Amino acid sequence: MKKMTVLISTLALALSLSATGFAADTIKLGVAGPHSGDLAPYGIPAMKAAQLVVKQVNAKGGVLGKQVELLIQDDQCKPEIATNTATKLVSDGADVVLGHICSGATKAALGIYKDAKIPVMSPSATNPALTQSGDYPNFFRTIASDDIQAKLAVEFAINQLGIEKVAVLHDKGDYGKGFADFAKKYLDQSDKIEVVLFEGVTPGAMDYSSIVQKVRRNKAQALIFGGYHPEASKLVSQMARKRVKAIFISDDGVKDDSFLKVAGDAADGAYVTGPRDLSTIPLNAAATAEFKAEYGAEPGAFFQEGYAAALALLNGIEKAGSTDYDAVTKALRSEYVETPVGKVKFDSRGDAEGVGFSMYKVENGAFTELK
Amino acid sequence: MDYFLELFFGGLTRGSIYALIALGYTMVYGIIQLINFAHGEIYMIGAFVALIVAGVCTIYGLSGVAILILAGAVAIVYAAAYGYTLEKIAYRPLRGSPRLSPLISAIGMSIFLQNYVLLVQTADYLPFPRLIPDFAFMEPVAHIIGSPELVILVTTVVTMILLTLLIKKTRVGKGMRATQQDMNMARLVGVNVDRVISMTFIIGSALAAIAGVLVASYIGQVNFYIGFLAGVKAFTAAVLGGIGSIPGAVLGGLVLGWAESFSAGYISSDYEDVFTFGLLVLILILRPSGILGKVTKQKV
Amino acid sequence: MWQEFKQSIVVSIWFVFLTFPLMVVRVNTMEDLVEWRWMNIAWVAIASFLLSYLWRYMLARKQVRKKVEEEGGDTRSKLQIMLENESLRFKAMGVLLVAALVYPQIFDTYQTTIMISALIYVVLGLGLNINVGLAGMLDLGYVAFFGIGAYTFGILNHHFDVGFWMMLPVGGMVGCLFGVILGFPILRLRGDYLAIVTLGFGMILKVVLENWGSLTFGPSGIANIDKPGLFGLDLSLANHTIYIYYIMIALVVFTIIVTNRLKNSRVGRAWMALREDEVACIAMGIDMARTKLSAYALGAFWAGMIGVVFASKTTFINPASFTFMESAIILSIVVLGGMGSILGVILGAFILILLPEYMRAFSEYRMLIFGASMTLMMIFRPQGLISGLRQTYLYKGAKEEIDNG
């Protein structure tokens, strides 16, 4: 057994070493995200999107006359692994990186790319601080940040629904608490609405009956929840069971078919924010068709954003005329590119202009976009 | 007052689930002084098997309470079978080894079973069919205590009564009590100790499966990871009440359920787990063997 | 023969029954689909049939070994005997040290980064080894002290710009302080109670980190933590990695020396005695509370110190890095490697951290194998890969003690 392990690890070592021997005449596009583990469904679609884009670009002769080579690395969405992943991509000579998927992992890895002067574009990391803090001039993203969602949810509650008392809950996670914090910030700015409850619930707890009762006790007309669909389904089911009538408003993490199926009838009448419906954009239809032809299935989460990021990065290099860091970031900020999420360029902080959110309502077991 | 009652019944429901799981911990611990760390996974497997049976039945067009009973029965059988196998494979070969060994083996089995279900089933949360109907007569008080809660409470009470009868009156129960008091002595007077231990695992696992099915139909979703937190909480309940003591496990479960419900209701749910474990530490400092636990003197 | 065959058939049927609902049926209650995977029955049947033979064979071998041991025979493996040879051990250590020193010069930054992760776990394992392996106190919340160290550095660095070198001992001391504070009330508890309370501490820490937003920045964590400085030089990524690597090597060597010395000290022997028999120990006049507390606090010291290195290596920390799973991994390093054995713990850390890195293809099965191997190890090799070398004193006619430890 021991000999075996030694043998295998030496073999693996040898393999990973030989893989680093490189040729200089390709453009290297790094792709990082969770490709294994329980969060893999969020990372694999973007990886496949990159593969499709690269295949197409290479078929047309590549970028600047060079073929594009993909360097794919798994980070399992864990910050401590993401730094290893980033180091690997840097030492393999990636010119630009598409990734990472989770905000935490992205944050952990960005410092390494920044020191190595590599532009990074994430299809999914929505943490506002990534662009707004100004700490990461090398960071771009093709998805809108969480505070925009929170703002949309709050404005919707005040203006459309006329809510005066609202409870804000979150799942104590990075994403959920971030959303809830921003929601609270915008709610406090308005004098038409009052936050009667702001609390975190424990994911995986057996039930949320106490917190649901608390929502009723505080006479909240609406409940804004930051988090993901398992907790959201539990909350709306228990609200229905306990006859709590507050309107449920939540975020993109809840806009998932699982929410509809798990919560069932209880989900009806809930509102969630999500990326704008992209079905009218021609390039999106083309990309989806391409995916279906290749894999015979519907693309998953962040496919369009990943596709857009790959296109934008390669376009940036093309327009810049080289893989030089300053030239590429300048091109990304000034040149428009047609993508499945619309025609975009990036603002000075790295957010894509023209990418946004819509409000969806759950009606008859489906999400309907509200214009 | 309404709010107090709401929290009271919320805590009671949660507490009785904890109590059902805690019984398995406490019975096993009473007999072989082992924290069966994988007990939470047995609870999860019970819920999953029930989901599979209920799912298949619903898809093939059956419906109603009959499914719930069928799913519950199959879940109990399978959970008991897993509990029995677990003891045979992971704990029996370790009898007589240092105290840490079986505990580590148990942690290993807990990780193994979780990932086994993750691999052969799915990582997603699956909806559990809503099998408990809303009883019309509960409607006036539905905001305080709904039909699922009623079903949980009634089932728990019935189960407890059956368990008490089993332990007090039957041969198996007598064997269990004898083994708990003194394993060697029990062996001398003709108790088949191995069988008693197996039976303890079977009964404990069956109780966990009942809890699993009740929770799944109450909450409406199942996932491979639900066993971990429930197991830890239930174990905490067992320790609170005095591990090894059966009434202690029930009391500990209820105390924990109420503590969580009232602290979340009157203070904040932000620090839910802090209250739980804070209470545990506090009680263990004041009464190192739990509320109803006997102070055991170690003989040399 | 026939008997065995029949037994295996029964086992095989039992496992087919046992795994039937979970492995054959897959219900998707979302799409209302049922998938029947009949082939799995065959796999389970064949695998459990063969494994039952292996199981019996291994159990029988274990019995034989036990018997030999009882009769005073030698059951040590060749490796074990080699390790007990002192001069060989020193030579081996020298070779290892040289290999460790040239490693980053030969391999690239990525390999070095992974090696740093492994070394971090080596130190964590050695620290926990003091609690579990030497003093026999099962700590299921060890990661709490690791987190405390990392956050102490993260917070102070963020607000006051305190540097790495300053914080390295401070992190350890803060960890140690928390070890004393938390350890004090729970020392009276016996083994199993202690385990569950420490597990509780681990969970409490995570909840506090998540909720105390004004201090810890909540779930979003602390980013841009400084890397260790080297006389104010501006190092590139590659050089920084190598630098941290050498820091880790130094820390590992330091830890090994200290724990080795501790093991043979007065307090170390008290720990081991306490592990073997608490009552006898108290009767012999050992202050149980103080001895236990010192083990707990020292274990916490190492975790806190290495937390500082972890924070400065990843430059980003959030509560998600400090879960029960981490505690379980550290514990398995100790158990798998061999409780009480320094070399064993090092080997355990390398296997558990490096193998998954190199075998990404198996990553799905990683935790499954991990759990199963913990159980199997306890059954078939409870002393771990390398069992702790015990100081043995031989009495040879005249009053001559030979230390062959």
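The model is a predicted one, so to speak of local features pLDDT of at least 70 is needed, side-chain atom pairs count only at pLDDT 80 or more, and totals for chains, interfaces and linings use all residues. Residues are numbered from 1 along each chain as its sequence is written, with chains lettered from A and ligands numbered from 1 in the order in which they are written.

Chain A holds an open sheet of seven strands, in the order β7-β6-β8-β9-β10-β13-β14 and with mixed pairing. Strands here are DSSP runs of E with at least two residues, helices are runs of H or I with at least four, and both are numbered from the N terminus; two strands pair if DSSP finds at least two bridges between them. At the edges sit β7 (194–200) and β14 (366–370) of chain A, each pairing on one side only. From one strand to the next, the twist averages 30°. Within chain A, β10 (residues 271–275) and β13 (residues 357–363) pair in the antiparallel sense over five bridges, and A:Thr273 stands opposite A:Met359 of β13(A). Helix α6 (residues 146–160) of chain A lies across β6, β8, β9, β10 and β13 of that chain, at about 55° to β13(A). Axes for such angles are lines fitted to C-alpha atoms, for helices over the stretch in contact, and the angles run from 0 to 180 degrees between N-to-C directions.

Turning to the interfaces, residues count as in contact if their C-beta atoms, placed from the backbone, lie within 7 Å. Between chains B and C, 52 residues of chain B touch 46 of chain C. Here α4(B) gives the most to the chain B side, with 15 residues.

The largest nonpolar core has 342 residues, and A:Leu223, A:Ala310, B:Ala47, B:Leu51 and B:Ala79 have the most contacts inside it. Such a core is a set of buried Ala, Val, Leu, Ile, Met, Phe, Trp, Tyr and Cys residues joined through C-beta atoms within 7 Å, where buried takes 20 or more other C-beta atoms within 10 Å of a residue's own. Helix α8 (residues 193–219) of chain B brings the largest share, 18 residues. Leaving aside neighbours within four places in sequence, B:Leu51 is in contact with residues including B:Phe128, C:Val27 and C:Thr29.

Note on methods
Two residues are in contact if their C-beta atoms, placed from the backbone, lie within 7 Å. A residue is buried if 20 or more other C-beta atoms lie within 10 Å of its own, exposed if 12 or fewer, and partly exposed in between; C-beta atoms are placed from the backbone.
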